[in-house]
Amino acid sequence: MFDILKKKITGFIDKLTKKESEKETKDVAEKKVNPEPQIKEEKLQEKKTEVTEKSIPEIKKEKPELKASEEKLELPVKPKPQEIKIKEKGTTKPEKSEKQRQVDFGIISQVKSIVTGQIEINKQDIKGLVSDFEIELIEADVALEVSESLIKDLENRLVGQKIRRGEVNNFIKETIKEMLIQLISNKAAFDINEKAKVSEKPLKIMFLGINGAGKTTTIAKIANLLIKNNFKVILASADTFRAAAIEQMQIHADRLKIKNIKRDYGSDPTAVAYDAVNHARANSIDVVLIDTAGRQDTNTNLLNELKKMDRVIKPDLKLYIGESIAGNAIISQVLEFNKQIGIDGIILTKLDCDAKGGTVLSISKMTNLPIVYIGTGQGYEDLEKFDPDKIISAIIN
Ligand SMILES: Nc1nc2c(ncn2[C@@H]2O[C@H](COP(=O)(O)OP(=O)(O)OP(=O)(O)O)[C@@H](O)[C@H]2O)c(=O)[nH]1
Ligand SMILES: [Mg+2]
């Protein structure tokens with residue numbers, strides 16, 4: 001699940017972290033080589049002559065693998081006592097001025113602050129990586145607008161941040177995680193069991209979406225979930241159009257040991273739903289789950305059929321069932337169904353087959369509708385409440 005998105009985000013974090021640690025090393029190296037421009041250079045020269053022959057091999061022995069620039073760093077710090085000794089012995093070199101001493105101290109604290117302290121993320125450093133990341137998000141099916149706004153958001157969150165050395169990777173990870181959790185969270189999200197608990201009986205839920213998205217299978221999963229929570233559930237075979245749709249629903253009803261209200265193929269779907277609601281009222285049923293035939297968002301006649309059902313039945317919830325593998329096409333479908341019929345929430349199916357994952361990141365933001373559940377397989381138990389933390393933690397861990 002989401003392997004491509006996971007790989008791209010992890011790759012970006014790794015590149016960014018590498019870049020920051022390179023910058024860190026470079027900064028330190030620069031400070032070492034050229035700490036306080038020319039005074040530093042003079043100082044290093046002075047040190048080279050002042051330090052006794054003996055002290056140099058000692059430094060090298062301690063850190064034999066250090067490069068020349070790094071050795072220079074140690075010079076202003078360690079040889080100090082020897083410096084004084086030499087002077088005390090009456091070297092011909094002039095005494096260091098007060099200014100030089102101050103500079104000496106300044107260099108040490110600067111280097112120390114870099115070595116032990118923080119690094120700052122600057123816009124120029126991450127610009128290239130961030131724009132590559134935008135392309136990678138689009139490749140992972142994240143909608144263009146969402147990628148753009150994510151990148152802007154990310155830049156705002158990162159640039160100017162001072163991060164303790166060694167914590168860069170974790171900081172970037174947590175920043176991206178937080179940003180993505182916010183992106184996919186929607187205040188209008190709800191729990192079906194809670195709805196069933198507080199609703200006037202029966203709670204009427206209508207499922208809609210394009211062909212083959214997983215409507216009928218998801219209805220059976222939701223029925224299973226509600227039954228486990230002790231609700232009385234019936235199904236309504238209001239897909240009177242597709243061959244074998246009624247039989248498919250009956251098989252689920254038999255397995256779940258619940259009633260399926262049906263009529264013949266070609267009957268008015270609204271009449272089937274009406275029968276089901278009446279049956280539920282007469283039998284103290286808590287929830288009616290209404291299947292509908294799959295239809296494209298562009299098919300006006302079939303959309304009118306749904307509008308009629310909406311008017312007559314007045315469902316409490318209209319749930320759009322969309323397969324996450326459909327990519328960005330799903331966004332325009334949801335928007336059109338929402339405009340025509342009105343949608344309360346989305347159930348994204350087939351996440352187990354979705355290698356990309358971008359749809360999950362895009363759909364809530366683009367439609368402003370909550371994803372309420374996700375389908376993760378063909379079994380009745382393969383339905384999970386949509387949990388932004390869990391989803392994002394599966395992508396970034
Ligand atoms: N892997 C996987 N397969 C799923 C999931 N949900 C549904 N399916 C499969 O998708 C196929 C179509 O599912 P249906 O429930 O018949 O879809 P539908 O939207 O009712 O289709 P129509 O009635 O033809 O419009 C079936 O083979 C299901 O088993 C899921 O979350 N994961
Ligand atoms: Mg179906």
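Start by selecting helix α9: Val168, Ile172, Ile176, Leu180, Leu183 and Ile184 are buried there (buried: 20 or more other C-beta atoms, placed from the backbone, within 10 Å of the residue's own; exposed: 12 or fewer; partly exposed: in between). Look down the axis and you will see why they belong together: they cover an arc of only 115 degrees, which puts them on the same side of α9, the arc being that of the directions from the helix axis to the C-beta atoms. Helices here are DSSP runs of H or I with at least four residues, numbered from the N terminus.

This is a predicted model, in which local features need pLDDT of at least 70 and side-chain atom pairs count only at pLDDT 80 or more, while totals for chains, interfaces and linings use all residues. Residues are numbered from 1 along each chain as its sequence is written, and chains are lettered from A and ligands numbered from 1 in the order in which they are written.

Next, select Ile290. Among the residues it touches, leaving out those up to four places away in sequence, are Lys204, Phe207, Ala236, Ala276 and Pro315 (contact: C-beta atoms, placed from the backbone, within 7 Å).

Finish at ligand 1. Of the 20 residues around ligand 1, show Gly214, Thr216, Thr217, Gly294 and Gly375, which come nearest (near: C-beta atom, placed from the backbone, within 6 Å). Then colour helix α11, residues 215-228, which gives the largest share of this shell, 3 residues.

How values were computed:
Helices (H or I, at least four residues) and strands (E, at least two) are DSSP runs, numbered from the N terminus. Two residues are in contact if their C-beta atoms, placed from the backbone, lie within 7 Å.
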